[in-house]
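Trainee: I have a new structure to read. Could you walk me through it?

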Amino acid sequence: ATVDGSPYAITASNASGSGLTNYTIAYVDGAMTVDPAALTITADDQVKTYGESFTFAGTEVTTSGLLFSDSVDSVDLASLGAADTATVDGSPYAITASNASGSGLTNYTIAYVDGAMTVDPAALTITADDQVKTYGEAFTFAGTEVTTSGLLFEDSVDSVDLASLGAADTAGVDGSPYAITASNASGSGLTNYTIAYVDGAMTVDPAALTITADDQV
């Protein structure tokens, strides 16, 4: 019996008891009211990577309380975390559900429960640029001698800690090439990334040495 058909008539007939032949009986209908059942629709949790957009199909929900052949076919789902620009720091974002459509839903009082959209960091690779210097020279890093792969939108790497044993003026040719290590990148929006650092190489070229034989008499 559906809520839409409510109230239903309750009919009385065929009374039995004591002395009822002494009466002309009139039966008056009562009313059967069907209240809505409880239905909970919960938005399913989702995970995406920074830089990706998420499009809801409207079926990413879990229901509790549906009866018989009633169904939830689609739900309006929305989240600020679905945009490609949604940041890791703002995660998790609420996923809200509303406006369910389907079969037999007028028989329910619907409660919507938010889900959560988690934004995982994107991959960012920072590679120290290869360098060449001459034995006897010192090399000072500015912190910008890197190449990046994976930056999105307006995010930037402004500086990186760079170090190499080959940067010293005493670094010998025999030890060349020396690793250039990168670490501690700073910039804009870098909390949205999992950063992988790749070493560069510092090559030490030989210095010029002139040996002149002394004149003799």
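**Reading strands, sheets and a core**

Mentor: Start with one residue and its neighbours. Gln 46 touches Phe 54, Phe 56, Glu 60, Ile 95, Ala 116, Met 117 and Thr 118, leaving aside residues up to four places away in sequence. Keep in mind that this is a predicted model.

Trainee: Where does Gln 46 sit?

Mentor: Gln 46 is in strand 4.

Trainee: Is Gln 46 buried or exposed?

Mentor: The cut-off for buried is under 20% relative accessible area. Gln 46 has 14% relative accessibility, so this residue counts as buried.

Trainee: Which residue is the bridge partner of Gln 46 in strand 9?

Mentor: The partner is Met 117. Strand 4 and strand 9 pair in the parallel sense, over four bridges.

Trainee: How do I read the sheet that holds these strands?

Mentor: Read the strand order from side to side. Here it is 4-9-7-6, an open sheet of four strands with mixed pairing. Strand 4 (46-49) and strand 6 stand at the edges. Each has a single partner strand, so one side of each is left without a neighbour in the sheet. Neighbouring strands of this sheet are turned by 35 degrees against each other on average, direction ignored.

Trainee: Which strands form the open sheet of three?

Mentor: Its order is 12-10-15, and the pairing is mixed. Strand 12 (146-149) and strand 15 (193-198) are at the edges; each has a single partner strand, so one side of each lacks a neighbour in the sheet. The twist averages 20 degrees from one strand to the next.

Trainee: How many bridges join strand 10 and strand 15?

Mentor: Six bridges, in the parallel sense.

Trainee: Now the whole chain. How many helices and strands does it have?

Mentor: The protein chain has zero helices and 16 strands.

Trainee: How do I judge the overall form?

Mentor: Compare the radius of gyration with that of a globule. A compact globule of 217 residues would have a radius near 17 Å, but this protein chain has 38 Å. Then look at the box. The C-alpha atoms fill roughly 165 × 30 × 20 Å along the principal axes.

Trainee: What share of the residues is buried?

Mentor: Of the 217 residues, 26% count as buried. The accessible surface of the chain comes to about 13100 Å², and 51% of that belongs to carbon and sulfur atoms.

Trainee: And contacts along the sequence?

Mentor: Take contacts between residues at least 6 apart in sequence. Among these, 65% join residues at least 24 apart.

Trainee: Which residues have the most contacts inside the largest nonpolar core?

Mentor: They are Val 75, Leu 77, Val 160 and Leu 162, in a core of 37 residues. Several strands supply at least two residues each, including strand 3 (37-43), strand 7 (93-103) and strand 13 (156-163). Strand 10 gives the most, with four residues.

Trainee: What does Leu 77 touch?

Mentor: Beyond residues up to four places away in sequence, Leu 77 touches Ala 43, Phe 56, Gly 58, Glu 60, Val 61, Ile 95, Thr 96 and Ala 97.

Trainee: How do the side chains run along strand 16?

Mentor: They alternate. Gly 200, Met 202 and Val 204 point to one face and are buried.

Trainee: Which strands pair with strand 16?

Mentor: Strand 11 (residues 131-134) pairs with strand 16 in the parallel sense, over four bridges. There, Thr 134 stands opposite Asp 205. Strand 14 pairs with strand 16 in the antiparallel sense, over three bridges. Ala 179 stands opposite Ala 201.

Trainee: What about loops?

Mentor: Compare two loop residues. Gly 166 lies in the loop between strand 13 and strand 14. Gly 166 is buried, with a relative accessible area of 0%. Its contacts include Met 202 and Val 204. Thr 21 is in the loop between strand 1 (8-10) and strand 2 (30-32). Thr 21 is exposed, with a relative accessible area of 79%.

Key
Residues numbered from 1 in each chain as written. Predicted model: local features only at pLDDT ≥ 70, side-chain atom pairs only at ≥ 80, totals over all residues. Heavy atoms only, no water. Core = buried A, V, L, I, M, F, W, Y, C linked by side-chain atoms within 4.5 Å. Buried < 20%, exposed > 50% of the residue type's maximum accessible area, 1.4 Å probe, protein only. Contact = heavy atoms within 4.5 Å. Pairing = 2+ DSSP bridges. Axes fitted to C-alpha atoms, helices over the stretch in contact; angles between N-to-C directions. Rg over C-alpha atoms; globule rule 2.2 N^0.38 Å. Areas by Shrake-Rupley, 256 points an atom, 1.4 Å probe, with all protein chains shown as cover.
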